[in-house]
Amino acid sequence: MSITDFKGPARFNHVAMSVPADLLDEAGRSAITRFYGDVFGWREHPTMTEDRKRLVMGVHSYDQFVFVIADDNPMQAPRGDHFGMAVDSLEELKEVLRRAEAFAATDSRVDVMDYEVEDFGVLKLHSFYVRYLLPLMVEVQHFEMIG
């Protein structure tokens, strides 16, 4: 079988990252789940939560999730390190951006990078990045096909 014949896994199912245990206490988990719930619609899987040890947030499906675990040597990532999420329309992207900016107006710990459009001729890539308390940013993208 050649590399061109191999299809491989069809999609990502989770992202995992480590944080300090203090961030996964009741107050920290509440802040994290409030932001990612309000902005992205993610929901905590409470049966998987362990105080100061683990937080799992479902991403619109039981088999897609963000796994956050406590570690004595937690992940540290530069501002641009991220994982991507796609939306189906430009309106959806702008709504997620609006929600992130509204949350940022009430909490200075929200980090939103400016909305951008990259024009590749056959498509325009609309995107922005946002982070809140976790080490990785989330890049939200919409692929606008031209023609």
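Setting aside neighbours within four places in sequence, F35 is in contact (heavy atoms within 4.5 Å) with F40, F103, V110, V130 and Y132. Before going further, please note that this is a predicted model, in which local features need pLDDT of at least 70 and side-chain atom pairs count only at pLDDT 80 or more, while totals for chains, interfaces and linings use all residues. Residues are numbered from 1 along each chain as its sequence is written, and side-chain values use heavy atoms, with hydrogens and water left out.

F35 also belongs to the largest nonpolar core, a set of 32 residues in which F35, Y36, F40 and W42 touch the most other members. Such a core is made of buried Ala, Val, Leu, Ile, Met, Phe, Trp, Tyr and Cys residues joined through side-chain atoms within 4.5 Å; buried means under 20% relative accessible area, with a 1.4 Å probe and protein chains only. At least two core residues come from each of β1 (14-19), α1, β3 (54-61), β4 (64-70), α2, β7 and β8. The top contributor is α1, with six residues. In soluble globular proteins, nonpolar side chains tend to be buried together.

Now turn to α2. Helices here are DSSP runs of H or I with at least four residues, strands are E runs of at least two, and both are numbered from the N terminus. Buried residues in α2 are L93, V96, L97, A100 and F103. Viewed down the helix axis, they fall within an arc of 125° (taken from the directions from the axis to the C-beta atoms), so they line one face of α2. Their cover includes α1 (26-40), β6, β7 (123-132) and β8 (137-145).

What does the side chain of D107 contact? Its partner is the side chain of R109, in a polar contact of 2.9 Å; the term covers a pair of N or O atoms within 3.5 Å, where within protein one must be able to donate a hydrogen and the other to accept it, and residues adjacent in sequence count only if both atoms are side-chain atoms. D107 is buried, at 11% relative accessible area.

Stepping back, the protein chain has two helices and eight strands, running β-α-β-β-β-β-α-β-β-β from the N terminus.

How values were computed. Buried means under 20% relative accessible area, exposed over 50%, partly exposed in between (1.4 Å probe, protein chains only).
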